[in-house]
Amino acid sequence: MTLALTDVRLTYPDGDRRLVALDAVNLRVTGGELVAVTGPSGSGKSSLLAVAGALTRPESGTVRIADTDVTALDQKGRDRLRRERIGFVFQQANLLASLTALDQLLLVAHLSGASRRSAEARARGLLDRVGLGGKADKRPHQLSGGERQRVGIVRALMGNPALLLVDEPTSALDHERGEAVVTLLRDITHEQPLATVMVTHDLQYLHLADRTVAMRDGRVCPPAEFSPRSPAAVRGH
Ligand code: ADP
Ligand code: MG
């Protein structure tokens with residue numbers, strides 16, 4: 001499975017002008033590859049995920065997920081593609097306060113119409129995979145920040161996606177837990193395999209990614225302008 005963005009442009013209305021959020025963006029991510037996208041706030045990282053995840057249609061350019069031209073789909077087709085092929089993980093795990101870890105996962109399966117028995121087996125297997133087998137009946141307030149984020153990650157995997165889109169997964173975590181979450185994302189990406197795009201402005205985890213691209217002003221910087229260890233990168237630009 002490959003995600004391919006070609007010459008993608010996205011603008012937002014901004015008074016009587018348009019703000020360019022993505023400008024001539026090209027990105028290819030293949031199955032089994034964790035690509036980190038870094039760059040300062042406002043550089044277009046979340047916009048890139050929204051376009052890659054069929055949440056927002058670009059003004060021009062194409063987005064392909066495997067053999068599907070996402071930009072050619074109607075709303076219904078995009079909804080279906082998201083449900084069947086794409087998992088999302090956000091900054092906060094956004095768990096429902098009243099549900100146990102197991103039920104957070106079963107809720108997604110229920111929404112997609114899977115049978116309870118097969119969904120529960122899958123959910124328990126995924127919780128085991130991330131070391132939370134013993135915490136399946138815990139509610140969010142009984143879990144640490146890192147554990148909640150792990151529930152968020154396996155919830156995104158319930159639908160067996162081919163593409164995983166992750167936005168700032170470590171921003172609510174301390175270094176040790178942040179590193180554990182990114183390591184987990186990398187290992188799962190390799191094992192499934194998934195094509196994973198992880199947005200982060202946290203440069204300390206970039207060494208865990210298979211590849212890093214940097215964004216600036218809506219553009220993906222050419223590799224020559226960015227090296228994770230260059231002084232500019234360390235300052236977060
Ligand atoms: P990042 O995730 O790197 O912080 P974003 O993709 O959120 O950047 O934003 C890129 C640019 O687009 C910013 O200038 C931001 O203010 C603008 N932007 C993002 N979302 C919207 C929106 N829904 N409407 C208008 N402008 C937006
Ligand atoms: Mg963002």
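Let's start with one pair. Leu 5 has Val 63 of β4 as its bridge partner. This is a predicted model: local features need pLDDT of at least 70, side-chain atom pairs count only at pLDDT 80 or more, and totals for chains, interfaces and linings use all residues. Residues are numbered from 1 along each chain as its sequence is written, chains are lettered from A and ligands numbered from 1 in the order written, and side-chain values use heavy atoms, without hydrogens and water.

Now zoom out to the two strands. β1 covers residues 2-14 and β4 covers residues 60-65. They pair antiparallel, over 5 bridges. Pairing here takes at least two DSSP bridges between two strands.

Next, the sheet. It is open, with 4 strands in the order β2-β1-β4-β5, and the pairing is antiparallel. β2 (17-30) and β5 (68-69) are at the edges with a single partner strand each, so one side of each has no neighbour in the sheet.

The whole protein has 7 helices and 10 strands. Those are DSSP runs, numbered from the N terminus: helices are H or I, at least four residues, and strands are E, at least two. The radius of gyration is 18 Å, close to the 18 Å from the globule rule for 237 residues, so the protein is as compact as a globular protein of that length. That radius is over C-alpha atoms; the rule is 2.2 Å times the number of residues to the power 0.38. The C-alpha trace spans about 50 × 40 × 35 Å along its principal axes.

Last, burial. Of the 237 residues, 47% are buried, meaning under 20% relative accessible area with a 1.4 Å probe, protein chains only.

How values were computed: Buried < 20%, exposed > 50% of the residue type's maximum accessible area, 1.4 Å probe, protein only.
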